[in-house]
Amino acid sequence: MPEILSAKGVTFGYLKEDNELNIVLKNISLSIQEGELVAILGHNGSGKSTIAKHFNAILVPQEGKVTACGIDTKNEEEIYRIRQQVGMVFQNPDNQIVATIVEEDVAFGPENLGIAPAEIRRRVDEALKDVGMYEYKDHAPHQLSGGQKQRIAIAGIIAMRPRCIILDEPTAMLDPKGRREVLTTIRKLNKEHNITVVLITHYMEEAAQCDRVVVMNDGELLFDSTPRDVFSHVQILKEVGLDVPQTTELCHELRRAGINLPDDILTEEECVEALTSLLEGVR
Amino acid sequence: MIAIKTEQLTYTYSQGTPFEKTAVDHIDLEIEQGEFVGVIGHTGSGKSTLIQHFNGLLKPSFGRVLINGTDLWAPDTNIRDYRFKVGLVFQYPEYQLFEETVFKDIAFGPTNMGMNPEQIKESVYQACHFVGLKEKYLEKSPFELSGGQKRRVAIAGVLAMNPDILILDEPTAGLDPKGRERILGQIKEYHRARHTTVLLVSHSMEDIAKYARKVLVINQSKVAMYDDVAKVFSRAQEITEMGLSVPQITRVFMQLRERGFDVNESVYTMDYAKQEILRLLAEKGV
């Protein structure tokens, strides 16, 4: 798998009001390969959104180097090429919708890329089908639910045919059904269209559904591994303000009470199976 | 005593236009004084419209709202009093900060209530204490603070009015797990200390399960359920069909029950889950 996003020795800080430098990223190196589904976790202020904004050149590193699809993000002439290939979806769906009709909103990106009208038509229809919103193409976005609006925002990105999508807490404002819809859409785009996905989230169950989990803490990388491995560090995660899925936590708590259970339980099914064999073992 | 009562409460947006939509539909509800209620419902279910009636921000199209027995819209009711008695914290309240200093921002409500400077100061300090905001921040501009701190300031601004009823619309949206736990823990503590009636609107079923005692489920502009947490989450199927969910741990225990294990039908918190497994093991002599 070729590398699609790369950060090497990236340091970045914001200047505070009192002219003090607040270092948000401390010498971060991270490499994401094409086709991966990666979650980034971290407490508020850990630097996870800042690193994400580096990957489509909204921010450029003060030290170190970031490349997206092989292009150095400091190269201003290439910025539009980067943004076409690395799309970004933000937390609040209402801030990302620009048109009054769903299909026009999805067409906004490709129009700006100067694509021929017939091709735009084709891409918009395809993008709306991919996110399961085709039947809403003539609707007004403001009448849709949060989950639907967020899927429109995602459609707007994929109509630009990016190789990678970065989503910064796309489900934070959604109800449970909206969260399920968005997650299903993201996984489908990744598995069926091989689009690289970077998902920033505060929901541990969402991270558990990714292939790889990166944990940031105070501007540094704390973990970078499979969800199964990362979530086995229950204690450390809690110390840095995070959590683990409830299923993982229950098994961890029972182990602490001296019960013999595996230490890498992640999904609901695994938890049910482990508890079943535990309880059947003593029947 | 009943803190909040609605009788056939109905609210219709854009009445008499082609966009007419009934968001609250003949709701009868009674919430006891001192209750801690989790409010759930999918986007567009009508829950935000409903709660905006409790401090008179919206006037019913039909029906009545009574706070502590008083009809909010009766001719002799001074509705302004009830805006202080019922504190409403909106979603992303940090966008509503506006004063030069944190102190002034928190003091805005108490000042408008006509408290004297001493009372104002005391209310501000107490509110800060409840939300865990250090006094050194009081003279800073609220815009210098981090997102989590700003949210605390906004919540403190409502607590400083010492409301009888506290309503919070998604107070933890966008916060990390620790930040969520801290704010909800503080609200729970405030509830315990003041016996305030609390309504917590949230999309996190885990948070509702952990902090609320009763759950109000709003679906299609009506009350679908209003019951103890355990009873509500034991109806997982119906809840899921409404676009909501039950905590992950509850789903695990439902599957264990389907497999014939004698576990309680609504296990909804981590402690409860752990005790339930330990109990089963103990019964089998482990």
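**View 1. The span that UniProt annotates in chain B.** In this predicted model, residues 4-245 of chain B carry the UniProt feature "domain: ABC transporter", which comes from an unreviewed entry. Follow the span from end to end and you find 36% helix and 26% strand. Its end C-alpha atoms lie 26 Å apart.

**View 2. The two domains of chain B.** Chain B splits into domain 1 (2-234) and domain 2 (247-286). Taken over C-alpha atoms, the domain centres are 34 Å from each other. Where the domains meet, eight residues of domain 1 of chain B are in contact with six residues of domain 2 of chain B. On the domain 1 side, α7 and α8 (229-233) of chain B are the elements that give two or more residues, and α7(B) has the largest share with four residues. Sorted by class, that side holds five nonpolar, one polar and two charged residues.

**View 3. Where chain B meets chain A.** Here 38 residues from chain B face 36 residues from chain A. On the chain B side, at least two residues each come from α5 (147-159), α6 (177-194), α7 (205-211), α10 (248-258) and α11 (270-283). Which of the elements gives the most to this side? That would be α11(B), with seven residues.

**View 4. The largest nonpolar core.** This core has 166 residues, and the members that touch the most others are A:A155, B:I106, B:A156 and B:I167. Both domain 1 (2-234) and domain 2 (247-286) of chain B put at least three residues into it. As background, nonpolar side chains tend to be buried together in soluble globular proteins. Zoom in on A:A155 and, leaving aside neighbours within four places in sequence, you see contacts with A:V106, A:A127, A:L128, A:D130, A:V131 and A:M133.

View 5. Helix α6 of chain A runs over residues 176-193, which makes 18 residues. From first C-alpha to last it reaches 25 Å, close to the 26 Å expected at 1.5 Å a residue. Its buried residues include A:P176, A:G178, A:V182, A:L183, A:I186 and A:L189; A:K177, A:R179 and A:E181 are also among the buried residues. Just past the helix, A:N194 has a positive phi of about 55 degrees. Back in the loop between β7 (164-168) and α6 of chain A sits A:E169, a residue other than glycine with a positive phi, near 50 degrees. Is A:E169 buried or exposed? It counts as buried because 21 other C-beta atoms lie within 10 Å.

**View 6. B:V86 in its strand.** B:V86 is part of strand β6 (residues 86-89) of chain B. Why does B:V86 count as buried? Because B:V86 has 27 C-beta neighbours inside 10 Å, and the cut-off for buried is 20 or more. Beyond residues up to four places away in sequence, B:V86 touches B:F54, B:N55, B:I67, B:P163, B:I165 and B:I167. B:T197 is 111 residues away from B:V86 along the chain, yet their C-alpha atoms are separated by 9.4 Å.

**View 7. Helix α3 of chain B and what it packs on.** In helix α3 (residues 102-113) of chain B, the buried residues are B:V102, B:F103, B:D105, B:I106, B:A107, B:G109 and B:P110. They pack against α4 (117-131) and α5 of chain B. Just after α3(B), look for B:G114, where phi is positive at about 90 degrees.

View 8. B:L133 belongs to the loop between α4 and α5 of chain B. With 22 C-beta neighbours inside 10 Å, B:L133 counts as buried. Apart from residues up to four places away in sequence, B:L133 touches B:C128, B:Q149, B:R152, B:V153 and B:A156. B:K188 lies 55 residues from B:L133 in sequence and 16 Å from it in space, C-alpha to C-alpha. B:Q220 is in the loop between β9 (214-219) and β10 (222-228) of chain B. This glutamine has 13 other C-beta atoms within 10 Å, so B:Q220 is partly exposed. Phi of B:Q220 is positive, near 50 degrees, in a residue other than glycine.

Definitions and conventions. Residues numbered from 1 in each chain as written. Chains lettered and ligands numbered in written order. Predicted model: local features only at pLDDT ≥ 70, side-chain atom pairs only at ≥ 80, totals over all residues. Contact = placed C-beta atoms within 7 Å. Core = buried A, V, L, I, M, F, W, Y, C linked by C-beta atoms within 7 Å. Buried ≥ 20, exposed ≤ 12 C-beta atoms within 10 Å, placed from the backbone. Domains from an automatic or database assignment. Expected span 1.5 Å × (residues − 1). UniProt positions renumbered as here; feature names shortened; annotations may be inferred. Nonpolar A, V, L, I, M, F, W, Y, C, P; charged D, E, K, R; others polar.
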